[in-house]
Amino acid sequence: MDWFVAEDYGLARVVLQRGVALLYVVALVAVLRQFPALLGERGLLPVPRFTARVPARATPSLFHWRYSDRLLRVVAWTGLLLALAVIVGLPQQGPSWVPMLVFLLLYGLYLSVVNVGQVFYGFGWESLLLEAGFLAAFLGSDDVGTPWITLVAFRWLLFRVEFGAGLIKLRGDTAWRDLTALHYHHETQPMPGPLSWFFHHLPGPLHKVEVLANHVTQLVVPVLLLAPQPVATWAAAVVVVTQLWLVLSGNFAWLNWVTIVIAFSAVSDDVVSGLVPALAPDRAYGPTPLWFAVVVIGVGAVLLVLSWWPARNLFSRRQRMNASFNAFHLMGAYGAFGSITRRRDEIVVEGTRAADPGEDDWEEYVFRGKPGPVGRLPRQFAPYHLRLDWGMWFLALGSSAQLSWFLPFLDRLLEADPATLRLLAHDPFDGERPAWVRARVFRYRYSTWEELRRERVWWVRREVGALTAPRRLPR
């Protein structure tokens, strides 16, 4: 079975297994903290209503059998314990079927969540994490060598992420082709981070160099991932450095971190140990069981067939971004920011206790991550995903799909629903019910250096309209 084993990728397997498991921990913590308020029995988009109208074959999920907030928590805690066991390294100490079973359970549990998550889980990195978790099931345990087939599948996933993102940019917004995209992006991205203001104020020529470097990283470097060593390792290093740059410049949930983890599928032990001898892994392992080889080869064959759809999509003039071609989120299409927003609108939600309020009676609800008060520096939340805040960004773009949950959200504020209020950074009424709530639209831009020094503000905003009229509960 020498042909089956990748002799030089012990470190790659360690990082892939533990890194993917760590990101499942992040995702499942978000499930425990956010899912009941957003999608639970009394959520903004309750799962039981969804499963009543959408068939299980279209969205396979444990929750088509039954849903309760208690069952959701059992699912999330079970997944958390499994993922933590992988991080510690317990399943990897057993035969190969143990980590395989653990990762397949993790994948199945999180698939059950994503497939009923509706707009709150309609992100490409959900499919990316699911696919990475599925592939990790076939890396084997410490007593066998790392299968080549699984590593190739990971590299094909990384290629689709990077090359797909590069193509969608060139085919999309002219700002990517004339190298001006970063004149806008740091200011208008969904959720800026603490350094985004500073990135935005870098010189314009440097922004153009960044865009050009991005094109090289996403359109040239992915091809080198398939080259012999040490070229593939250095190509992976370029991907990692680029993704870390993106981590510094914004909050994109775990998109960048999954990409960093799967980039290690191209990292050679020999290259790494040549640079840092202490990282040389122990290559002592036994023969590959025949059953394990048969399973991995069979899965590889299935994935090869499923690859037809994303491969065709890459070279289609109507390339789809972040698309799943099957209900199991395997072999999907990825990409990000095919178009760049030139201006930033934000929805500001306010409430008042006054029965007949004047303009001075309204107080602002403050969200955890999205821009709000102009003097508040944006914060770093990624890889944690603030789903309500991301939904507010899409709502401000004019997404009609978001209205389905926004009006119920306003009603929960009127009820002072504790679960909903916990999703926010600040409730101006300290848990008491307001008499009215409303939503206004403001145009935001970053302050200049002079405005920051003079007024101590990171943003400048002006009102451009109303999203909803003042709203109160029926009497």
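## Stop one: an arginine and its surroundings

Select R160 and show what surrounds it: leaving aside neighbours within four places in sequence, R160 is in contact with E131, A165, P310, L314, M331, G332 and Y334, where contact means heavy atoms within 4.5 Å. Before going on, note that this is a predicted model, in which local features need pLDDT of at least 70 and side-chain atom pairs count only at pLDDT 80 or more, while totals for chains, interfaces and linings use all residues. Numbering starts from 1 along each chain as its sequence is written, and side-chain values use heavy atoms, with hydrogens and water left out.

R160 is found in helix α6; helices here are DSSP runs of H or I with at least four residues, strands are runs of E with at least two, and both are numbered from the N terminus. Is R160 buried or exposed? R160 counts as buried because its relative accessibility is 2% (buried is under 20% relative accessible area, exposed over 50%, partly exposed in between, with a 1.4 Å probe and protein chains only). Now put a distance label on its side chain, which reaches the backbone oxygen of G332 at 2.9 Å.

Slide over to M331, one of the residues touching R160. M331 is found in the loop between α16 (308-314) and β3 (344-352). With 2% relative accessibility, M331 counts as buried too. Check its backbone: phi is near 55 degrees, a positive value in a residue other than glycine. Most residues other than glycine have a negative phi.

## Stop two: two helix pairs

For the geometry, axes are lines fitted to C-alpha atoms, for helices over the stretch in contact, and angles run from 0 to 180 degrees between N-to-C directions. Angles under 35 degrees count as roughly parallel, over 145 as roughly antiparallel, 65 to 115 as roughly perpendicular and the rest as oblique.

Which residues make the contact? Show I149, T150 and A153 of α6 with V296, I297, G300 and L303 of α15. By class there are 5 nonpolar, 2 polar and no charged residues (Ala, Val, Leu, Ile, Met, Phe, Trp, Tyr, Cys and Pro count as nonpolar, Asp, Glu, Lys and Arg as charged, and the others, Gly among them, as polar).

Next, select helix α4 (residues 97-114) and helix α5 (residues 124-136), whose axes come within 8 Å and cross at roughly 160 degrees. That angle is why α4 is roughly antiparallel to α5. On the α4 side the contact is made by F103, L104, Y107, Y110, L111 and V114, and on the α5 side by E126, L129, L130, G133, F134 and A136. These residues divide into 10 nonpolar, 1 polar and 1 charged.

Between α4 and α5 runs a loop that holds Q118. Q118 is buried, with a relative accessible area of 19%, and its phi is near 55 degrees, again positive in a residue other than glycine. For a contrast, pick L105 in helix α4, which counts as partly exposed at 40% relative accessibility.

Select helix α13 (residues 255-263), where 8 of the 9 residues are buried. The elements covering those buried residues include α1 (10-39), α5, α6 and α12 (231-249).

S268 sits in the loop between α13 and α14 (269-275) and counts as buried at 1% relative accessibility. Its side chain reaches the backbone nitrogen of D270 at 3.2 Å. Not counting residues up to four places away in sequence, S268 touches D8, Y9, Q229 and T233.

## Last stop: two cis bonds

From Q229, step along to P230: the peptide bond joining them is cis, with omega near 5 degrees. P230 belongs to the loop between α11 (221-224) and α12. Then jump to A382 and P383, also joined by a cis peptide bond, with omega about 10 degrees. P383 lies in the loop between β5 (366-367) and α17 (387-396). Most peptide bonds are trans.

Conventions:
A polar contact is a pair of N or O atoms within 3.5 Å; within protein, one must be able to donate a hydrogen and the other to accept it, and residues adjacent in sequence count only if both atoms are side-chain atoms.
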